[in-house]
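Reader: I would like to go through the labels on this model. Please show me the structure before I ask.

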Amino acid sequence: MPMCGIAGYIGRKEAAQILLKSIRNLEYRGYDSVGMATLSEGELHVKKGTGKVSEVGEKLNFTTLPGKLGFAHTRWATHGEPSERNAHPHLSTSGKIAIVHNGIIENYLELKEELTDASFRSETDSEVIAHLLEKNYKGSLKDALLKTIEKLNGTYAICAMHAEKEEIAVARNGSPLAIGIGENENFVGSDVSAFVEYTKEAIYLDDFEIGIITPDSVKVFNNEGRELHKPPMRINWDLEQAQKQGYAHFMLKEIHEQPQIIRDSLSIQIPPLQKPNKIFMVACGTAGYAGLVGKYIMEKAAGIPVEVAPASEFRYSSPIIGEGDLFISISQSGETADTLAALRLAKEKGAKTLGIINVQDSTIARESDTVIYTRAGPEIGVASTKAFTSQLIALYKIAEKFSGQQYPLDSLAQKVQAVLDSEGQISKIAEKYFKVYNFLYIGRGFNYPIALEGALKLKEISYIHAEGYASGEMKHGPIALVCDEVPTIAIAPEDSVYKKSVSNMQEIKARKGKIIAVATEGDSSIVQHATNVIYVPQTQEELYPFLSVVALQLFAYHVASLRDCDIDKPRNLAKSVTVE
Ligand code: F6R
């Protein structure tokens with residue numbers, strides 16, 4: 001989900017000190033810009049800038065902002081590059097209303113057109129909220145907020161204040177928001193990590209609810225303005241657990257975010273693109289395997305030849321690329337040195353360049369002719385999971401655009417959720433295998449790239465040696481490795497290559513190799529060939545990678561967890577590889 005962090009404070013203490021700490025605790029939600037607004041003696045004070053909380057907070061002296069109420073925001077850009085003017089808080093035209101927002105306002109362009117009297121200062125979707133509030137304000141912030149949210153399509157967690165009111169107004173739909181209940185002071189947070197150091201009592205807003213918060217009271221209303229009785233809940237998490245929302249690791253949290261990320265990604269718009277003669281998909285590691293799935297879908301759906309190259313080799317293979325070709329770079333960070341160097345070469349040779357990038361305004365995004373931003377939100381775990389899924393969605397949407405075909409991508413979130421729901425079974429299988437030293441992963445067709453990705457996930461977080469192969473390659477060498485101590489993960493859903501996948505499994509079984517099959521729910525005959533089975537829901541051939549990869553992410557995670565590995569920060573690895 002597009003993420004940003006929101007923190008609010010109202011009480012008897014200086015707000016800025018508290019807000020700076022709170023927003024630092026939310027930095028895992030976004031880190032491209034930061035801002036803070038406080039209210040003192042009928043005047044709003046705002047500071048904001050690009051960069052991380054610690055840098056910006058210090059450089060701009062956030063703690064000098066006066067007042068005992070205010071809010072802060074750490075941004076993960078979706079609309080508008082990371083810049084000072086696009087950073088939150090945003091002010092209304094008169095400067096009397098300030099807001100911070102997390103989410104996406106889908107109809108912001110229409111709303112902007114209606115707000116003819118407003119002076120817009122940013123390129124964000126969020127700013128319309130400040131102007132709508134001003135238009136609707138007739139002396140009650142609560143009424144203005146109710147009228148405003150009526151107009152908004154999309155997702156939001158909002159904090160708002162008016163220069164003449166000693167209160168903070170909040171609203172939520174689809175983006176999280178919690179209110180921390182203190183003594184003579186109250187707090188707001190995108191999650192409880194914003195205030196868990198100060199209070200263990202919280203009210204969680206539900207969708208279409210709003211709240212009005214003063215130092216001594218918290219009132220929650222439904223979207224018709226009727227007051228609701230919501231008793232506070234006890235928070236049992238410490239700060240670290242709160243940031244991971246109770247998950248043991250960021251990686252596990254990110255694996256579980258995938259259904260929501262798929263839903264958020266469905267609204268990605270593919271810019272106009274001329275059908276190229278040839279596509280080059282160039283990326284590193286997991287992003288490269290997304291590109292390989294991209295080759296299968298693009299060639300099948302759109303009939304465009306696709307060459308996939310590891311970015312680190314692209315320059316050294318004398319690539320035959322030029323005008324009329326489309327160079328697609330795929331990168332979560334947008335900063336990977338090899339991918340960037342490959343992009344520069346492709347541009348030099350006259351190809352059109354398209355970046356599929358997660359981090360807004362990153363170098364590769366800036367240097368590509370066109371960018372499609374994925375909607376994975378910040379990925380903290382070093383091992384990439386949700387970014388991969390979001391890259392696949394972007395690639396499938398490009399294939400749809402080139403081919404005019406439609407894939408039922410909207411069915412995927414639910415099916416991925418079903419895979420996540422089988423985590424208990426997957427972790428039991430992990431218990432049987434976590435002590436082995438070597439693993440083979442095989443897949444055919446659309447699941448060949450997933451065999452590579454599954455093996456990469458296992459090796460990077462559990463340090464078990466794992467090799468991914470195209471199933472048909474086994475006979476050409478790797479099958480010599482098979483014995484009862486070297487298990488194989490065979491991805492074998494019921495697709496057009498199912499029978500061939502099964503015969504590869506038989507060859508392994510005949511050599512005493514143990515097999516964990518990833519198979520389609522209801523395929524009862526697979527148990528004859530496999531030692532263990534992970535079932536995924538039935539879907540159409542092209543969509544299985546979305547399901548099989550999640551099963552293998554969970555498998556790798558549980559193996560690594562049983563081996564007590566440092567899952568979020570595996571040894572020798574960095575999240576962003578900015579050297580060649
Ligand atoms: C593996 C992993 C890496 C990255 C690779 C590219 O889990 O995270 O293989 O996929 O380093 O990074 P980005 O996508 O930032 O270019």
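This is a predicted model: local features need pLDDT of at least 70, side-chain atom pairs count only at pLDDT 80 or more; totals for chains, interfaces and linings use all residues.

Reader: Why is Arg 172 called buried?

Author: Buried means under 20% relative accessible area, exposed over 50%, partly exposed in between (1.4 Å probe, protein chains only). Arg 172 has 18%, so the residue counts as buried. Arg 172 is found in strand E8, residues 168–173. Strands (E, at least two residues) and helices (H or I, at least four) are DSSP runs, numbered from the N terminus.

Reader: What does the side chain of Arg 172 reach?

Author: The backbone oxygen of Leu 205, at 3.5 Å. Arg 172 also touches Tyr 156, Asp 207 and Phe 208, among others. Contact here means heavy atoms within 4.5 Å.

Reader: What makes Glu 185 and Lys 13 a salt bridge?

Author: The term asks for a side-chain nitrogen of Lys or Arg within 4 Å of a carboxyl oxygen of Asp or Glu. Glu 185 and Lys 13 meet at 3.0 Å, N to O, so the pair qualifies. The two residues are 172 apart in the chain. Glu 185 lies in the loop between E9 and E10, and Lys 13 in the loop between strand E1 and helix H1.

Reader: Are Glu 185 and Lys 13 buried or partly exposed?

Author: Glu 185 is buried, at 9%. Lys 13 is partly exposed, at 42%.

Reader: How do you know that strands E9 and E10 pair?

Author: Pairing needs at least two bridges found by DSSP between the strands. E9 (178–181) and E10 (186–189) have four bridges, so they pair, and they run antiparallel. Ile 179 stands opposite Val 188 in E10. The two strands form a hairpin with four residues between them. Asn 184 in that turn has a positive phi of about 60°.

Reader: What joins E9 to E11?

Author: Three bridges, in the antiparallel sense. Gly 180 has Ala 202 in E11 as its bridge partner.

Reader: Why do the buried residues of helix H14 line one face?

Author: The buried residues of H14 include Leu 412, Val 416 and Leu 420. Seen down the helix axis, the buried residues fall within an arc of 115°, so they line one face. That arc is taken from the directions from the axis to the C-beta atoms. Gln 414 and Asp 421, on the other side, are exposed.

Technical notes:
Residues are numbered from 1 along each chain as its sequence is written. Side-chain values use heavy atoms; hydrogens and water are left out. A polar contact is a pair of N or O atoms within 3.5 Å; within protein, one must be able to donate a hydrogen and the other to accept it, and residues adjacent in sequence count only if both atoms are side-chain atoms. Lists of a residue's contacts leave out its neighbours within four places in sequence.
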